[in-house]
Amino acid sequence: DRPWTVLGIETSCDDTSVAVVTSDRRVRALVTRHQTKQHEATGGIVPTAAAIAHSMALPGAIREALETAGIRNTCDEIDAVAVTRGPGLAPCLGVGLTAGKNLAAVLNKPLVGVHHMEAHALTPRLTQEAPPEFPFLSLLASGGHTLLLLSEGLSRHTILGTTLDDAVGEAFDKVARTLVLPWLPTGGGAGAALEQWAAHATGEYAVTFPVPMRDGRDKPASRLNMSFSGLKTSVFRHVQGLQERDPAAWAAAMATSEPSSGIRADIARAFQDAAVTHLADRLDRVLADTISVRKIHPTCVVAAGGVAANQVLRARLGDVAEKYGLRVEVPPPRLCTDNAAMIAWTGIERLRAGLVDPWELDYVPRWPL
Ligand code: KG4
Ligand code: ZN
């Protein structure tokens, strides 16, 4: 009657990740190898190159995860293998899935194919002190996705709203690039840098950007959906205009590389305010609809993905949730960005429900929730 121990593998995008997780909610090991350096050189992710990088990094990551977890006899101590089946980049998924299937066959253990987005949604049930019970609502906000998701059970997730263009993290990244904000040594990429600059805003340089899709002319289809591309472009045009109108002021603003007050901080805050207001607005609408139209009362709101690290966003989401008597749960950053612990955990939830896959399982690059 000992807890199950599951080996998880995630290779859907550009992070090679392996984890060992137990059914009593312990992450015994999590090893994640980022490919950022390779992709900097090519200016983006080339799927075949990413797949080769996965195939090189994966064996070492598997060995390291098993050793970190203190697993001596893999066959006795690993009860199942869980691996991301999709959605994601086909060649990348193939590397992880093939490794997972072969391991399951060698060990003669059950194989569980996992939906990457379901894994994101179920993460708080692994990480939070009071694991959320179904139904709950999640905002998954990263560089790749911006989703408002209602989770009512295993394989029972409904997308209530999503971005119609850029992901919110992508918009943070592009605006940070427009403002030439150097990344912080503390990590978090361009989005974290933008938050730091925005914190130094004084408002002396008066600028605001319109909140996307706010007016009453919204088509019903976009009432719960989001858009960040227009906002990103407004910032870009504003900076371009300023550079032409007052090159000296822009040059002066560019004199520092440390987060500090001034034009760049004021623009960063104006962008962040509009983006955060947009997300908070949509959470408000989605909660109102879920409760009064669907007659479903969520147990809590989960905020996950890299953008959920943003303190201004968390505070605003907290205010909205509080109106409905709900808390906002935020999993720790290393478990709410792409990682294999969430894959292993979802494997455990599926095993509990008796859901096992055959060894000939194929990958599904485009896989709706
Ligand atoms: O979930 P994540 O680590 O990975 C992928 O998208 O693959 O999300 C990364 C995104 C990036 O766009 C990054 O700029 C953004 O999350 N991000 C932030 C903050 N920290 C990271 N955005 C806003 N505020 C932050 N503090
Ligand atoms: Zn993801």
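**Close-up views of strands and helices**

**View 1. Strands S6 and S7 side by side in a predicted model.** Strand S6 (residues 136–141) and strand S7 (residues 146–153) are joined by six bridges and pair in the antiparallel sense; strands count as paired if DSSP finds at least two bridges between them. Look for Leu-137, which stands opposite Leu-150 in S7. Helices (H or I, at least four residues) and strands (E, at least two) are DSSP runs, numbered from the N terminus. Before you go on, please note that this is a predicted model, where local features need pLDDT of at least 70, side-chain atom pairs count only at pLDDT 80 or more, and totals for chains, interfaces and linings use all residues. Residues are numbered from 1 along each chain as its sequence is written, while chains are lettered from A and ligands numbered from 1 in the order in which they are written.

**View 2. The open sheet of five strands.** Here the strand order is S8-S7-S6-S9-S10, with mixed pairing. At the edges are strand S8 (156–162) and strand S10 (328–329), each of which pairs on one side only.

**View 3. Helices H5 and H10 across the strands.** Helix H5 (residues 116–127) lies across S6, S7, S8, strand S9 (301–304) and S10, and runs at about 120° to S9. Helix H10 (residues 263–292) lies across S6, S7, S8 and S9, at about 155° to S6. Axes are lines fitted to C-alpha atoms, for helices over the stretch in contact, and angles run from 0 to 180 degrees between N-to-C directions. Residues are in contact if their C-beta atoms, placed from the backbone, lie within 7 Å.

**View 4. Strand S4 and its partners S1 and S5.** Strand S4 (residues 80–86) is mostly covered, with seven of its seven residues buried (20 or more other C-beta atoms within 10 Å of a residue's own, C-beta atoms being placed from the backbone). Strand S1 (residues 5–10) runs parallel to S4, and four bridges join them; Gly-8 has Ala-82 of S4 as its bridge partner. Five bridges link S4 with strand S5 (residues 111–115), also in the parallel sense, and Val-81 stands opposite Leu-111 in S5.

**View 5. Where helices H6 and H7 pack.** The axes of helix H6 (residues 168–178) and helix H7 (residues 189–199) are 8 Å apart, at an angle of about 65°. The contact residues include Phe-172 and Val-175 of H6, and Ala-193 and Leu-194 of H7.

How values were computed
Contact = placed C-beta atoms within 7 Å. Buried ≥ 20, exposed ≤ 12 C-beta atoms within 10 Å, placed from the backbone.
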